[in-house]
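Have the sequence and the model open side by side as you read.

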Amino acid sequence: MSGHEGHRHRIIEKLDSGGLCEHEFLEILLFNAIPRLNTNDLAHRLLEAFGSIPRIFSAPVSRLKSVEGVGENVAAYLCCIGKFFETYYAGREDTYPKKFDERTFLAYVEERYAPAENEVLDFYLLDKAKNIFFCKRFSSGEPRRVVIRPEQLTRLILENKPDGLIAVHNHPNGNCFPSETDDKTTGQCEMICSIHNVKFYDHFIYSPAGTYSYYCSGRMKEIHQKYSVGAILGRGEGG
């Protein structure tokens, strides 16, 4: 056994003992992406560049590739691990309230989204009794950008057939007030929900400065009147 192979074997043996350091966790993960080279130096460079394992796995491919020794395949591998766990934790039933209630859900939003460093957009799906039965996350992996295409929301609704829907996203840096893009996204969501007879209850925006609710601010009524299919058809008939 070569010295390099022996080093890998010794680190893997430490998995059961729970005595691994941060860079050693990364070393082992990188074994799969770089099977024949020493990954110790690269693990240290990644931690030096991003500061922590969570920051590494939440970084986009373009930023990961800026680290010496990280090519496109390694960057995609690390980014995929981060996306996998985002999806896993967003879909776990015990990570969100069982039932939607304005007060308890607001407290949940303020706790759940406080640690997030990148902007995300989550959709919570409700049944007729307002039980939350599914959550789907959309994220670009960037601090100030998240995109949802109309066909993605349409597919989410068709596949899960909810009675109602709640949108939550965050502004990691800045205030909680909706931007023009937020208003446009909320309007698109209302239109798609109304087409499929799904109640769009609220859109929450979390920031370190507070949490904004379209419903509590009265904006959901305005959005419904402007973007719901029924309202649009009504205006057309009135004209």
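## Ground rules

This is a predicted model, in which local features need pLDDT of at least 70 and side-chain atom pairs count only at pLDDT 80 or more, while totals for chains, interfaces and linings use all residues. Residues are numbered from 1 along each chain as its sequence is written, and side-chain values use heavy atoms, leaving out hydrogens and water.

## The whole chain

The chain has 11 helices and five strands; these are DSSP runs numbered from the N terminus, with helices being H or I of at least four residues and strands being E of at least two. Of its 239 residues, 42% are buried (under 20% relative accessible area, with exposed over 50% and partly exposed in between; 1.4 Å probe, protein chains only).

Contacts here are heavy atoms within 4.5 Å. Among those with a separation of 6 or more, 61% join residues 24 or more positions apart.

## Helix H9

The buried residues of H9 include Asp-182, Gly-187, Ile-192 and Cys-193. They pack against strands S1 (120–126), S3 (164–170) and S4 (199–207), and against helices H8 (150–160) and H10 (219–227). Just after H9, Asn-197 has a positive phi of about 60°.

## The cysteines

How many disulfides does the structure hold? There are zero, a disulfide being a pair of cysteine sulfur atoms within 2.5 Å. For Cys-79, the nearest cysteine sulfur is that of Cys-80, 7.7 Å away. Cys-79 is buried at 13% relative accessibility, whereas Cys-21 is partly exposed at 40%.
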